[in-house]
Amino acid sequence: MTRTLVLGGTTEASTLALALADSGADAVFSYAGRTAKPVPQPLPMRVGGFGGVAGLLAYLRENDISHVVDATHPFATQMSRNALQACAQAGVAICAFERPAWQARVGDKWRHVPDMAGAVAALPEQAARVFLAIGKQNLAVFAAKPQHHYLLRLVDAPAADLPLPDCTVELARGPFDPAGDLALLRRHRITHIVAKNAGGAGAAAKLTAARGLGLPIVMIDRPGLPARRMLGTLAEVLAWLSHVSDA
């Protein structure tokens with residue numbers, strides 16, 4: 001029997017959950033628990049971490065999981081590494097359902113950097129107004145340049161003081177549209193954007209808006225991960241789960 005664990009948090013994961021539910025598949029949807037109110041899914045849900053490789057390994061064995069689909073955010077590298085190790089130890093099949101990275105287009109002013117430290121270094125020394133479109137996990141490193149005003153767009157209100165001395169928080173949940181992001185950038189008089197190359201349509205609106213305004217983007221490239229089975233479409237994932245394809 002096939003029992004699938006979907007490691008979620010992306011639009012692709014939600015699309016897969018709907019398809020699995022519609023087909024009556026035996027599957028569980030897992031959220032990391034980084035937001036207070038995760039989007040409901042049509043599958044049984046679990047929220048929260050597993051407790052590293054050992055905890056995930058125990059979950060796979062205790063719940064008779066036969067397949068894992070890693071549809072986490074492309075920057076959730078620790079979860080992806082843990083999943084690869086746990087599945088290898090448990091003998092569980094695993095694939096990654098990952099959307100393509102964004103590619104610069106004519107009119108884009110991107111500066112590619114490898115990590116958060118590189119993004120901080122890429123910001124100007126003179127005071128600027130920066131849309132920090134990176135979520136809430138890596139804000140502290142930007143306190144190294146306190147001369148900037150930072151705009152943050154978060155799903156949940158911060159539970160504690162933020163590490164940035166001069167910042168504004170807007171609460172919103174995507175997907176976003178170019179007209180709305182254009183208005184956001186203009187309203188806050190943004191001069192620079194820092195973004196992770198997450199890919200996907202739901203967060204791409206800021207790229208279109210920045211292109212229209214001629215704003216520079218510091219683009220953080222995706223981190224590297226060990227070699228793994230990569231699938232890019234829902235059809236490929238469903239075929240893999242049903243053993244139609246073992247590519």
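Which residues are exposed on the other side of H5? In this predicted model, they are Ala179 and Arg186.

**View 1. The buried and exposed sides of helix H5.** Helix H5, spanning residues 178-187, has Asp181, Leu184 and Leu185 as its buried residues. These buried residues fall within an arc of 95° when seen down the axis of H5, so they line one face of the helix. Ala179 and Arg186, on the other side of H5, are exposed. The partners against which the buried residues of H5 pack are strands S7 (129-133), S8 (149-154), S9 (167-171) and S10 (192-196), together with helix H6 (205-213).

**View 2. The loops on either side of H5.** In the loop between H5 and S10 lies arginine 189, whose phi is near 50°, a positive value in a residue other than glycine. Arginine 189 counts as exposed, at 55% relative accessibility. Both features call for a word of context: most residues other than glycine have a negative phi, and most peptide bonds are trans.

**View 3. Aspartate 64, in the loop between helix H2 and strand S4.** The loop that holds aspartate 64 runs between H2 (52-62) and S4 (67-70). Although aspartate 64 is not a glycine, it has a positive phi of about 55°. Aspartate 64 is exposed, its relative accessible area being 58%.

**View 4. The packing of helix H1 with helix H7.** Helix H1 (residues 11-23) and helix H7 (residues 234-241) pack at an angle of about 50°, and their axes are 11 Å apart. That angle makes H1 oblique to H7. The crossing in which H1 passes H7 is right-handed. In this contact, Thr15, Leu16, Ala19 and Leu20 of H1 meet Leu234, Val237, Leu238 and Leu241 of H7. By class, the residues of the contact of H1 with H7 comprise 7 nonpolar and 1 polar, with no charged residue.

**View 5. The surroundings of tryptophan 102.** Tryptophan 102 is found in the loop between strand S5 (93-97) and strand S6 (109-113), where it is buried, with a relative accessible area of 10%. When residues up to four places away in sequence are not counted, tryptophan 102 touches, among others, Trp110, Lys196, Asn197, Ala203, Lys206, Leu207 and Met219. Tryptophan 102 and methionine 219 are 117 residues apart in sequence, whereas in space they are 9.7 Å apart, C-alpha to C-alpha.

Terms used: Residues are numbered from 1 along each chain as its sequence is written. This is a predicted model: local features need pLDDT of at least 70, side-chain atom pairs count only at pLDDT 80 or more; totals for chains, interfaces and linings use all residues. Side-chain values use heavy atoms; hydrogens and water are left out. Axes are lines fitted to C-alpha atoms, for helices over the stretch in contact, and angles run from 0 to 180 degrees between N-to-C directions. Helices (H or I, at least four residues) and strands (E, at least two) are DSSP runs, numbered from the N terminus. Angles under 35 degrees count as roughly parallel, over 145 as roughly antiparallel, 65 to 115 as roughly perpendicular and the rest as oblique. A crossing is left-handed if the near helix is turned anticlockwise from the far one by less than a right angle, and right-handed if clockwise. Contact means heavy atoms within 4.5 Å. Ala, Val, Leu, Ile, Met, Phe, Trp, Tyr, Cys and Pro count as nonpolar, Asp, Glu, Lys and Arg as charged, and the others, Gly among them, as polar. Buried means under 20% relative accessible area, exposed over 50%, partly exposed in between (1.4 Å probe, protein chains only). The arc is that of the directions from the helix axis to the C-beta atoms.
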